[in-house]
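Subject: Structure handover

Hello,

Please find the structure below, followed by notes on what was found in it.

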Amino acid sequence: MRRSMRRGVAAAATGLVTLALAACAQSDGSGGGGGGGSAAATCTNTIQEPDATRVTMWAWYPAVEQMVDTFNSRHDDVQICWTNAGQGADEYGKFSTALEAGTGAPDVIQLESEILPTYTILDGLADLAPYGAGELEDQFPPGAWSDVSNGESVHAIPVDGGPVGMLYRADIFDRYGVEPPTTWDEFAQAARDLRDAGYDGYITNYATNGNAFNYALFAQAGWAPFDYDSSRPDEIGIDVDTPEARHVLSYWEDLVDRGLVSTDDASTADYNTSLVDGTYAVYIAAAWGPGYLEGLSDADSGAEWKAAPLPQWDPDDPVQVNQGGSALAVTSQATDEEAAATVAMELFDDEATWKVGVEEAGLFPLWNLALDADWFTDRRYPFFGGQQVNRDVFLDAAAQYPGFTFSPFQVYAYDRQTMALYDMVEGPATAEDALATLQDSLVRYAEQQGFTIR
């Protein structure tokens, strides 16, 4: 490996992440931080063993304090000192700033799996393999482990995931005499049939800002946009504009052009209302979707929700995909890497912790400890009429997900994708135009940052 090239690429990546994420981050006034300051860090939780090694952790999981308390009660030699440094971009901006400054990062950090390559190229994460992490591989679905490892290196420990399914309004389909779709061809036909029968909503929404959502849709057709290996950090293959991607995007372009799907931005108040007020008949969602819907207000009182597997392009060769999910990583500034690795590897290796994670935080576990438990597989969801949605949909989706390779500049890639897709649905660009523009912009950017394009 050419170390000078790595330094150049890493420097460029640092600048990118800092600019893209730190601008989004807002200080929450909280303490916490490793890099030599662990013992003095301000903890949100109560430390139960004051004389134990203290490991600082940034995480935004709901109900995380209960999980931390459970870990601390089980360990008299290591204690977690937890802080919520913000969710997603807010936390990443602070972490990137700490890496650039050489101080201020926590010992352990929650990261979305797709962002891991961004921080491995910055040498921001410790390899957990020397602490026995590789021996945990068989405790996770293969795809989940693939997302956090590279060869013998283990960059993080998987926690929760987002296997994708189809959540739909059974009452709407029944009212208009339309069968719920099992393939994408049937999905398009159902969109037409619902409209022809008098339904004035949309079969679903196609959000141009749905970053991981759109990646999942493309991936289901065999799209593999990046060829990247953290052991060769200065090289990358970029193949975004592929026949598979054109096929998928043209499919959605057609539904948009015919007014059968809406194009509202995801994660807005209006979008959330539309999810539950009958505007959309289908919500293509990750496994956290059932809990998310249940937590929204203004839901139709007579709604009947059901969960079904994601529609397939080829029902004889089904492909499962993932949208989101996170992992626990040890940072390169950890004061005591071994103690930090203990936290990353053992925080969620406890059934009681997982019951909190599932029942109160709405997480979909990636640990077989929980995936194989009757209390999880047989769990009934009242919002879905008591349906066992994990058993019916998401367990198979998680088990069959093969993993996915993201880029070390994923924030930029997502931003460019959103712009290209927006130009398609709101401007003159076609699906082919959008993908060609995206391909060119990513290649050009990677070359500017010092990557060799394979």
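Two strands, β6 (157–169) and β13 (322–330), each supply at least two residues of the lining of the largest cavity. This is a predicted model, and the notes that follow should be read as such. The largest share of that lining comes from β6, with 4 residues. In total 14 residues line the largest cavity, and those closest to its centre are A144, G161, N322, L366 and Y401. By class, the lining of the largest cavity splits into 7 nonpolar, 5 polar and 2 charged residues. The volume of this cavity is about 100 Å³. Searching the whole structure gives 4 cavities of 30 Å³ or more.

Next, the open space. The second largest pocket holds about 280 Å³. Its lining is made of 17 residues, of which P117, S146, D147, S149 and T405 are the closest to the centre. Of the elements, α4 gives the most, with 3 residues. The lining of the second largest pocket consists of 6 nonpolar, 8 polar and 3 charged residues.

Then the helix packing. A pair of packed helices is described by the distance between the axes and the angle between them. For helix α7 (residues 184–196) and helix α9 (residues 243–257), the axes come within 11 Å and cross at roughly 5 degrees. Angles under 35 degrees count as roughly parallel, and α7 and α9 are therefore roughly parallel to each other. On the α7 side the contact is made by W184, F187 and A188, and on the α9 side by Y251, W252 and L255. By class, this contact of α7 with α9 has 6 nonpolar residues, no polar residues and no charged residues.

One residue of that contact can be followed further. Y251 has its place in helix α9. Is Y251 buried or exposed? Its relative accessible area is 11%; the cut-off for buried is under 20%, so Y251 counts as buried. Leaving aside neighbours within four places in sequence, Y251 is in contact with W184, F187, A188 and W313. Among these partners, W184, F187 and A188 belong to the α7 side of the helix contact. Y251 and A431 are 180 residues apart along the chain, and their C-alpha atoms are separated by 9.0 Å.

Regards

Definitions and conventions
Residues numbered from 1 in each chain as written. Predicted model: local features only at pLDDT ≥ 70, side-chain atom pairs only at ≥ 80, totals over all residues. Heavy atoms only, no water. Axes fitted to C-alpha atoms, helices over the stretch in contact; angles between N-to-C directions. Parallel < 35°, antiparallel > 145°, perpendicular 65-115°, else oblique. Contact = heavy atoms within 4.5 Å. Nonpolar A, V, L, I, M, F, W, Y, C, P; charged D, E, K, R; others polar. 1 Å grid on protein atoms, 1.4 Å probe; cavity = no way out; pocket = protein on both sides within 12 Å on 5 of 7 lines; lining within 4 Å. Points joined across faces, edges and corners; volume = space filled by probe spheres on them. Buried < 20%, exposed > 50% of the residue type's maximum accessible area, 1.4 Å probe, protein only.
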